Amino acid sequence: MVSMHRLLRVYVDGISSLKKQGVCEKEKAQVDLVYPMIMWKELERVFNAVRALKPNDKLKRLEFSIFMQEAMQDENFASRLVFSDEASFHLSGKVNRHNVRIWGTTNPHAIIEHERDSPKLNVFCAISKTLVYGLFFTENTVNGRSYLEMLQTWLFPQLNINSDDYIYQQDGAPPHWHLDVRGFLNETLPNRWIGRNGTNDLTLCSWPPRSPDLTPCDYFFWGCVKDAVYIPPLPSTLDELKNRITTAVESITKDILQEVWNEFDYRLDVIRVTKGAHIEHL
């Protein structure tokens, strides 16, 4: 597969080359418009390839779904689950969630032009069947150390107030795979955390790779927040963006979260029927 770096290099070199060939101003304008569209289609193809399921992924997703539904036969199990995730909100109106671009639920096929290097906020959240555990904002890139500090000083103190028996989920993002993060989870929540795991990790079960369609944060939360945040006129400052995100999250009720959890169980059903296939377009 062509690397992302190679595609970007071709993109930059291609535009430079075409503009040096003595074309007229009208043709230069067409280069500015058409060439990026062609390259972004190719970049999107690579993004999708990166997210595509590997040969063994479907089996892992199927095994996860079977395990979860068997565990959820205990009516208290679902209430113990706490899902977590991070996303980046740009002033320009774009939301990045790792390699996933979230356009919201309204008119997802619309073509939107985004400002390059737009200021952004990185946002972390955790949600249970009845509660959204606030929001953690940072303008800095999240790494293993900063993620661990956030868990220790911000999230887990909140979780411990409400329960001493919760089950914490995280996906396989690089900061979550940090050795110190896994060591902290093994010590603090032995057999009560779900995530990408190593041989000696004390997880309840392994989180299946390339499965954003299985976490409520991805199939519901970020899209819901984006739809409420990016209403014209768009926010003009990071403080305004933060306030809009906070207001959007505060509008999510227990009844909504209950429906989201019902959707989670339904998605597990679909995965079992389809033998592990992706279900992002439900």
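What span should the 19 residues of helix α5 have at 1.5 Å a residue, and how far apart are its end C-alpha atoms? In this predicted model, α5 (residues 144-162) should span 27 Å, and its end C-alpha atoms lie 26 Å apart, which agrees.

**View 1. Helix α5 and its N-terminal cap.** Asn143 caps the N-terminal end of α5, with a side-chain oxygen 3.1 Å from the backbone nitrogen of Arg145. Further along, the helix bends by about 45° at Leu151.

**View 2. The buried residues of α5 and the elements they pack against.** Gly144, Tyr147, Leu148, Met150, Leu151, Trp154, Leu155, Phe156 and Leu159 are the buried residues of α5. They pack against strands β1 (81-90), β4 (120-127), β5 (136-138) and β6 (167-169), and against helices α6 (174-177) and α7 (179-188). Leu151, where the helix bends, is one of these buried residues.

**View 3. The aromatic pair of Phe124 and Trp154.** The structure holds 12 aromatic pairs. One of them joins Phe124 and Trp154 edge-to-face, at 6.1 Å centre to centre and 80° between the planes. Phe124 lies in strand β4 and Trp154 in helix α5, so the pair ties together parts that are 30 residues apart in sequence. Because buried means under 20% relative accessible area, Phe124 counts as buried at 4%, and Trp154 counts as buried at 18%.

**View 4. An aromatic cluster.** Phe89, Phe221, Trp222 and Tyr230 are linked into a cluster by ring pairs.

**View 5. Arginines over ring faces.** Arg182 lies over the face of Trp177, 3.7 Å from the ring centre. Arg192 lies over the face of Tyr166, at 5.2 Å from the ring centre.

How values were computed
Residues are numbered from 1 along each chain as its sequence is written. This is a predicted model: local features need pLDDT of at least 70, side-chain atom pairs count only at pLDDT 80 or more; totals for chains, interfaces and linings use all residues. Side-chain values use heavy atoms; hydrogens and water are left out. Helices (H or I, at least four residues) and strands (E, at least two) are DSSP runs, numbered from the N terminus. The expected span of a helix is 1.5 Å times one less than its number of residues. The bend at a residue is the angle between axes fitted to the seven residues ending there and the seven starting there. Buried means under 20% relative accessible area, exposed over 50%, partly exposed in between (1.4 Å probe, protein chains only). Contact means heavy atoms within 4.5 Å. A polar contact is a pair of N or O atoms within 3.5 Å; within protein, one must be able to donate a hydrogen and the other to accept it, and residues adjacent in sequence count only if both atoms are side-chain atoms. Rings of Phe, Tyr and Trp (its six-membered ring) pair if their centres lie within 6.5 Å; planes under 30 degrees apart count as stacked, over 60 as edge-to-face and the rest as tilted. A charge sits over a ring if NZ of Lys or CZ of Arg is within 6 Å of the ring centre and within 35 degrees of the ring normal.
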